[in-house]
Number of protein chains: 2
Amino acid sequence: MEPVLPFAPDLSGAAGHLMGTLHQQLRAAILDGRLAAGATLPASRKLAAELGIARNTVTGAYDLLVAEGYVVPRQGAKPVVADLHTRQRVAAAPPTMEDPRLAPFWRTPWLPPAPRALPERSFRLGVPDHRHFPHALWRKLTAQALQAFSKRPFTYPPSQGLPELRSAIAQHVAFARAVACTGEDVVVTSGAQQAFDLLARLLVTPGETRVAVEEPGYPPVRAAFAAAGAVLVPTPVDDEGLCVECMPDDVRVISVTPSHQSPTGAALSLRRRMALLDYARARNAVVIEDDYDGEFRFGGRPLDALQTLDRDGLVCYVGTFTKSLFPALRKGFVVAPAWARAPLAAIKYGADPYADAVTQAVLAAFIRDGHLARHVRKMRSIYAERRIALLEGLAAMDAWMTPIPSEAGLHTAVRIRDPEQMPRILALVREHTPGAQSAAEYAMGPLREPVIAFGYSVIDVEEIRARMAALRAALARQVPV
Amino acid sequence: MEPVLPFAPDLSGAAGHLMGTLHQQLRAAILDGRLAAGATLPASRKLAAELGIARNTVTGAYDLLVAEGYVVPRQGAKPVVADLHTRQRVAAAPPTMEDPRLAPFWRTPWLPPAPRALPERSFRLGVPDHRHFPHALWRKLTAQALQAFSKRPFTYPPSQGLPELRSAIAQHVAFARAVACTGEDVVVTSGAQQAFDLLARLLVTPGETRVAVEEPGYPPVRAAFAAAGAVLVPTPVDDEGLCVECMPDDVRVISVTPSHQSPTGAALSLRRRMALLDYARARNAVVIEDDYDGEFRFGGRPLDALQTLDRDGLVCYVGTFTKSLFPALRKGFVVAPAWARAPLAAIKYGADPYADAVTQAVLAAFIRDGHLARHVRKMRSIYAERRIALLEGLAAMDAWMTPIPSEAGLHTAVRIRDPEQMPRILALVREHTPGAQSAAEYAMGPLREPVIAFGYSVIDVEEIRARMAALRAALARQVPV
């Protein structure tokens, strides 16, 4: 059979550049795989006739491809497409991280975790429920922002974030979290993780700076500090949150989740809050407050942010819209004390300058018009019902586990009464309440006490009840007390 | 006059929590400035009557505010709002970068440049023209992406970028720049600068790794390498681009703009391209190819990317949509060789995990449906006319300046014939052709030759002609040859 091209070259508008245009289109097809390695090219005479062009235009294009190595000529036969994969990578090192071209830290195979396959409704942590999000409203605000955007010359918006978004965030955290600030104090980031990464690089002298992290604690925060060269000081947590009095004397940065410890859910007690600020003040240390789901509070007197108590510019407050809106928005922020503001602006500019103007404008309008406060209020009452259903279910399993007191957030954790039973209980948890996680997944070393965290943000009350009952029944059958 | 609140507290739905709700609203008003420092609060009796609540509810809320320091009580007089600025920052260090809490690099006052005030139409560099952008189409694609987004559960999209965007980018660069790759090789970044920052951190061992940068060259790239701890090796550029043979023997990373040197506009010659790859191959060095405006090519035979010539996985290709679409999109990418892929994924995950799903989906659709290729083609012909007008204008000033040969990009640079005349010429350039920049602004040290770059992306043909003529007339009057 005569070889044919799997696409029709488009030579319209190529007047005077027929050969170049044909060459370019063939090469593009080879590069993007439409013309696969080993495919035979049509005879030049035949292709020329098909395209209505001179034969030497085709042979010229073929010759160029041969010269460039995209095509292999064959004596007395039609040319075939070269194996680019071989061509490109034959001499490349295998995909290892041991390559000496890499900086030492990145040679150790620290890889992102593989995503877990979970049912849509599960006890997983950290994802808000999409079914109650005001999608139509978000679309409308986006259309409006794009309309306004289309009327202005293109610019490089400031790397600290759009001024209107920074003001809106300042008003929002003042109201919702009693964080005293103005838009000048706010730096918008791509989610909370970029904030941790920038702060780590700003505050850590590689190989020197000792950074206290919660043990167990959120692994990506740890990873950001480790990548910046920090000496990590894992510090235990209990029912009052981070054990401030357990920290050695020479810590210079403390990373903490005061509202809702990740993953135990404990709130940092007032006593510990004061002790932490005293510690930082006395040693010129910096506190990084990760308020990752502090907006969802269910207690009587809501806990303010730690930053609210800070009179001395000790606290960098990190917030995010991942839990209150959605993760793929990629919007978080730092409220920085005065001394950190200029360097934070400088490091943000070097790492990720300028703002994504449209998304930021949409978020600014969403906050300014009161939709964020309204959405959080609505979701809080939805999550509150689920939380109660979960707590009721856990209460019925009191023989095996005790909930860790928690007044905020989107998950609740339990302590397993008998550590020896942990493996069997965890196996049943994974079977009956998928998505729930052992705190060991958040820990650097072995934990003194086994803890399991149950999320309630993407699962309905009825299913919580049914799955809790199933878990309880399985425990009763298989784990003697 | 009796003091009144500048807003009406909303106590609806606060049944049972009247005091707490009032306290929270007053505090929020103080924090966000609606109740300014020094403002007098209404008498508790009067406010209670206005709100229809018990007086001791108001005094209770006032007492809480006093206890927290938001309000200052006054013997026998109404309480006033505290000066939070003082309260918050009295003990904070002044906003200097010399703070010992900062890592050493960030203590030196390296600050982002202040934005320059320029007329909308000017000879500035690096901003595309918004008037020809298909805004309506972008809005339509955004609405479609948001619609699809609203139907799916919220997730954390992969940090390397949406798979459909990575494939679309791979096909695009294969076609437009002859860069051989698949979506697997692509990591989406927040503009090109994030790519430089991540690559710098990946490849630089602080205090050790020597990095060749173009002199003059794009300052933010230099800044990213410096922040990662690189030892910078400024390397001169001439009419053939980076002077590869000028590099010392121990360079491990080379940052280069082969299509269109920033800011001289010179293309890296084929001879130098081969020499650069030989250098990197022989020394196990890495080339970072910054193809920042390589899509706009005006010559007969377009220059491929340097990556196209690379058979050995030496080149990390960095692209951006800042010039082809718009800066506030914040989308760039790296095409990484096999050995760098896993560590690049790891560092991206730690620094800025997850993707902004909606914007990435819009961009993917825009590329996939051929709109990007079409838009670049349209803009290329618009920019081509402006480029010709500029070159004609510059040719008439041949007595004072010679254009540096350039076949691509959105600006053209000239060499000033008599260096002694540079200050006077630059003053006239600033007056008559605002936005044009001296290459000295891109240099680390003094330059051997004075160079001025003129952008033609946001100025019309007529205005280019008029302003060039005005500049020529001024030169003829004031700068004798």
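# Helix packing and symmetry

Visitor: What pLDDT must side-chain atom pairs have in order to count?

Guide: Residues are numbered from 1 along each chain as its sequence is written, chains are lettered from A and ligands numbered from 1 in the order in which they are written, and side-chain values use heavy atoms, with hydrogens and water left out. This is a predicted model, in which totals for chains, interfaces and linings use all residues, local features need pLDDT of at least 70, and side-chain atom pairs count only at pLDDT 80 or more.

Visitor: What is the mean pLDDT of chain A?

Guide: The term pLDDT denotes the predictor's confidence in each residue, from 0 to 100. Residues 86-95 of chain A stay under 50, and the model has 30 contacts beyond four places in sequence for them. In chain A, 94% of the residues reach 70 or more, and the mean pLDDT is 90.

Visitor: How are the axes of H10(A) and H7(B) oriented to each other?

Guide: Two packed helices are described by the angle between their axes and the distance between the axes. Here axes are lines fitted to C-alpha atoms, for helices over the stretch in contact, with angles from 0 to 180 degrees between N-to-C directions; under 35 degrees counts as roughly parallel, over 145 as roughly antiparallel, 65 to 115 as roughly perpendicular and the rest as oblique. The axes of H10 (residues 338-351) of chain A and H7 (residues 191-203) of chain B come within 7 Å and cross at roughly 100°. H10(A) and H7(B) are therefore roughly perpendicular.

Visitor: Is B:Phe196 buried or exposed?

Guide: Buried means under 20% relative accessible area, exposed over 50%, and partly exposed in between (1.4 Å probe, protein chains only). B:Phe196 lies in helix H7 of chain B and, not counting residues up to four places away in sequence, touches B:Val221, B:Ala224, B:Ile288, B:Asp290 and B:Val318. With a relative accessible area of 1%, B:Phe196 is buried.

Visitor: What separates B:Gly191 and B:Pro327 in space, C-alpha to C-alpha?

Guide: B:Gly191 also belongs to helix H7 of chain B and counts as buried at 0% relative accessibility. Its contacts, leaving aside residues up to four places away in sequence, are B:Arg330, B:Lys331 and B:Gly332. B:Gly191 and B:Pro327 are 136 residues apart in sequence, and their distance in space is 8.0 Å.

Visitor: As by what kind of axis are the two copies related?

Guide: Copies are superposed by least squares on the C-alpha atoms of residues with pLDDT of at least 70 in both. Chain B is brought onto chain A (RMSD 0.2 Å) by a rotation of 180° with 0.1 Å of shift along its axis. The two copies are thus related as by a two-fold rotation axis.

Visitor: What percentage of the contact residues of chain B recur in chain A?

Guide: In chain B, the C-alpha nearest the axis belongs to B:Ala143, 3.8 Å from it. The same surface serves both copies, and the share of chain B contact residues that recur in chain A is 100%.

Visitor: Within what arc do the buried residues of H13(A) fall?

Guide: In H13 (residues 422-432) of chain A, the residues A:Met422, A:Ile425, A:Leu426, A:Leu428, A:Val429 and A:His432 are buried. Seen down the axis, with the arc taken over the directions from the helix axis to the C-beta atoms, they line one face of the helix, because they fall within an arc of 165°.

Visitor: Which residues are exposed on the other side of H13(A)?

Guide: The buried residues of H13(A) have a cover that includes strands S11 (401-403), S12 (411-416), S13 (437-438) and S14 (451-455) and helix H14 (461-478) of chain A. The exposed residues on the other side are A:Pro423 and A:Glu431.

Conventions. Helix = DSSP H or I, 4+ residues; strand = E, 2+ residues; numbered from the N terminus. Contact = heavy atoms within 4.5 Å.
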